[in-house]
Amino acid sequence: MKKAPGEEPNEALTVTPPKKWAAGVPAVAHALEYSLEETSVRRTGETLLTMNQVGGIDCPGCAWADPSPGNRHRNEYCENGAKHINDEATSRRIGADFFREHTVSELGRRSDTWLNQQGRLTEPMVKRPGSDSYEPISWHDAFDLLASELTSLDSPDEAVFYTSGRASNEAAFVLQLFARALGTNNLPDCSNMCHESSGFALHETLGTGKGTVSLDDLHHADLIFVVGQNPGTNHPRQLSALEEAKRNGARIVAVNPLPEAGLLRFKNPQKPSGVIGKGTQIADRFLHIRNGGDLALFQGINRLLLEAEDARPGEVLARDFIESDTKGFEEFAEHARTVGWNDILAATGLAREEIEQVRDEVLASRRVIVCWAMGITQHKHAVPTIREIVNFLLLRGNVGRAGTGACPVRGHSNVQGDRTMGIWEQMPDDFLDSLQEEFGFDPPRAHGLDSVNSIRAMREGRIKFFLALAGNFVRAAPDSEVTEEAMRTCRLTAHISTKLNRSHTVCGETALILPTLGRTEVDIQADGEQFVTVENSMSEVHTSQGRLQPASPLLLSEISILCRLARRTLDGRAADIPWERFEADYGAIRDHISRIVPGLHDFNRRVTRPGGIQLPNAVNEGVYHNDVGKALFTANDFAMLQAPEGHLLLQTLRSHDQWNTVPYTSNDRYRGIHGSRRVVLVNPEDVTALGLSAGQHVDLVSVWGDDPDRRAGDFRVVPYPTTRGCAAAYYPETNVLVPLDSVSDKSNQPTSKAIVVRLEPVASPTATASAR
């Protein structure tokens, strides 16, 4: 049971054995319990019964694809999706009285859970220079304040416009259009911190920044790899797809440092076998890999496949496909044979026999898919790792055919759609050319700032204005103390938000909270009721339309806020952009998008069809829009994470009762953690070797190059079946340990899964607030 809104969560740790299966009746019970604590029975029913249905509310949680309209269950949602949608639909409200009672300083000492539990923001608020409190402000004055600040900048590049994946396609398109009409490409987004490495690697090798598979492909694959991913918590509806694949004869190889419940067994609560039976075994083979050992693993598999081809020429590799559709095979093959087995086994922590057994699984399969998430992307060598995964797929022609392909699994509802709409600091010239032709202005061409570079620029005093469209930037970003200090250097910070979070307490000289409609709410504009669209991980674009009455009559939609700000700021510049029309009718935005984004022609008519629009994927047509015009094999240098004696490799992760940066409670029942989030999971043998004991209080201290040590104080040691030499702890509490400058090569993505730490015993627990 979670605490009431006025109380902080308890910090009384209880540890039970980790669960060996996910979902089942407990998932239904927990979803309903949380939902009914947040809102009424009627509102809970209204949200859940329309969630992920045709014409209903798209889940604001993860970006997993929906089944085709004729194959959707009446309850087409997971436990965490149900909790998240009713967290937004909460009956609690935050108004001016709340901010009179709580200063910014006080709110900054509150936990993420407490801030979230206070309820929906209901009116625009401002913190003025020198003040420690928010006070009400009219929308008119708020827009004047924002516009005045933007027009006073020495350069548009002194402004940063951040986007979370919660934003709709229409809002994302309007934001990037406004930023570029203003004159900047400073458009960081949450993808910079989660799947940027996937985009870079896939663009280079396949000519697309997106995955190449559909749900139907997953259902009909022979072999599916689930690598660096925890679907039971982060993408629970993926378990239904894996269950369907198993029923059709697929085998699944799970690769992870932790034996997560969702990788072991799934009890589908919508089926009798998931209620009273044993459910479905998910992983047929589990590789208990070291943090960051995935590059070495796929290099080992690829070497074994090449050697199998040597032994049986013409029987192992897809020679015709390699000849017709790829480039770089000979260079790749020569390099692959040089990676030594001692290195591979040291980096992975696996036995050679385990890797050879995986090779045998591959040789017995005609259709193979590799799924991955942030356990792959948040490493220094993430881009080479994903390129090596592509090498693996290319060797046997496992791209461009039914039941095959690359499947990066996005963790936020519309992060992929944001990128399609132009939210990227490095959009290609053909997109910018289309904007110029459509709207009659010349967009800036110089690349802008991503998330990490935005923080660096703030720290150096080069950014004066920061606007966030949704999200919780300071808690999503690395190096928490550095990020917060950098944010406070801005002259103005503003957040378009539905609920209170830590970012509202880390203010520039002036700060604004701009409350907006949630995805669950009815959106009525001058031309009538509106809907928005989103894109899932499998490039399907469909509608989302709220059903609940807005939390306050003072709320504006994201699109209204952005269009009014653009009109007030630009004052006639880029005169061909019809901001007022965009606000009145979102269909007008989609009309323009249809002439700019390939695959979205006739957008307004096609998207309202059941199932929406499947965007084209050139790879599946044998077309590769990269520099070489073919699928590219790459030679990737071996890399291995190493920690000095007495140190561990820490990965940050989220608990089951958490959505992105927001913990709903202090529990993580699948891992057996109850009552506290300040825990570090350590292999029992490492606990003994380090001279520690279960339940002991320790500080986590990260070590990186010549930088000063970073510290997260007062964690409890929990023996857990992690890989030897590795550890895990929850973010955002441990983001303070991730150095800002420790990033993936090429993609500049924070390395949150590869932190070298030592565990320092503390004599007595410190105050909880000291490490928030």
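Where do Glu-356 and Arg-352 lie, and how many residues apart are they?

Author: Glu-356 and Arg-352 both lie in helix 19 (residues 352-363), four residues apart, which is about one turn of the helix. This is a predicted model, in which local features need pLDDT of at least 70 and side-chain atom pairs count only at pLDDT 80 or more, while totals for chains, interfaces and linings use all residues. Residues are numbered from 1 along each chain as its sequence is written, and side-chain values use heavy atoms, leaving out hydrogens and water. Helices (H or I, at least four residues) and strands (E, at least two) are DSSP runs, numbered from the N terminus.

The side chains of your two residues meet in a salt bridge, at 2.9 Å from N to O; the term stands for a side-chain nitrogen of Lys or Arg within 4 Å of a carboxyl oxygen of Asp or Glu. Side chains of opposite charge can pair when their charged atoms come close. Glu-356 is partly exposed, with a relative accessible area of 24%, and Arg-352 is partly exposed too, at 33%. (Buried means under 20% relative accessible area, exposed over 50%, and partly exposed in between, with a 1.4 Å probe and protein chains only.)

By this rule, the count of salt bridges comes to 61. Asp-668 and Arg-671 form one of them, at 2.7 Å from N to O; here Asp-668 is buried, at 1%, and Arg-671 is buried as well, at 3%. Arg-581 has a salt bridge with Asp-585, their closest N and O atoms being 3.5 Å apart, and Arg-581 is partly exposed, at 39%.

Six strands form an open sheet with mixed pairing, in the order 6-5-18-17-16-7. Strand 6 (135-136) and strand 7 (159-163) stand at the edges with a single partner strand each, so one side of each has no neighbour in the sheet. Two strands pair if DSSP finds at least two bridges between them. Strand 17 (residues 492-497) and strand 18 (residues 510-515) do this in the parallel sense, over six bridges, and Ser-497 stands opposite Pro-515 in strand 18. Helix 8 (residues 169-182) lies across strand 7 and strand 16 (465-469), running at about 170° to strand 7. For such angles, axes are lines fitted to C-alpha atoms, for helices over the stretch in contact, and the values run from 0 to 180 degrees between N-to-C directions.

Next comes the interior. A nonpolar core is a set of buried Ala, Val, Leu, Ile, Met, Phe, Trp, Tyr and Cys residues joined through side-chain atoms within 4.5 Å. Of the 65 residues in the largest one, Phe-161, Leu-467, Leu-514, Trp-579 and Phe-582 touch the most other members. Helix 8 gives this core its largest share, ten residues. Leaving aside neighbours within four places in sequence, the contacts (heavy atoms within 4.5 Å) of Leu-467 include Phe-161, Leu-175, Ile-496 and Leu-514. A second, separate core of 51 residues includes Val-253, Val-255, Leu-287 and Ile-389.

Helix 9 (residues 196-206) is mostly covered, with eight of its eleven residues buried. Those buried residues pack against several elements, among them strand 14 (368-372), helix 20 (374-377) and helix 21 (382-395). Just after helix 9, Gly-207 takes a positive phi of about 80°. In the loop between helix 20 and helix 21 you will find Gln-378, which is buried at 6% relative accessibility. A polar atom of the Gln-378 side chain lies 2.8 Å from the backbone oxygen of Met-193.

A last stop is strand 29 (residues 679-682). Val-679 and Leu-681 point one way from this strand and Val-680 and Val-682 the other, and all are buried. In a regular strand the side chains alternate between the two faces of the sheet. Strand 29 runs parallel to strand 31 (residues 710-719), joined by four bridges, and antiparallel to strand 32 (residues 726-730), joined by three. Val-680 has Val-717 as its bridge partner in strand 31 and stands opposite Ala-729 in strand 32.

Definitions and conventions
Polar contact = N/O pair within 3.5 Å; in protein donor to acceptor, adjacent residues only side chain to side chain.
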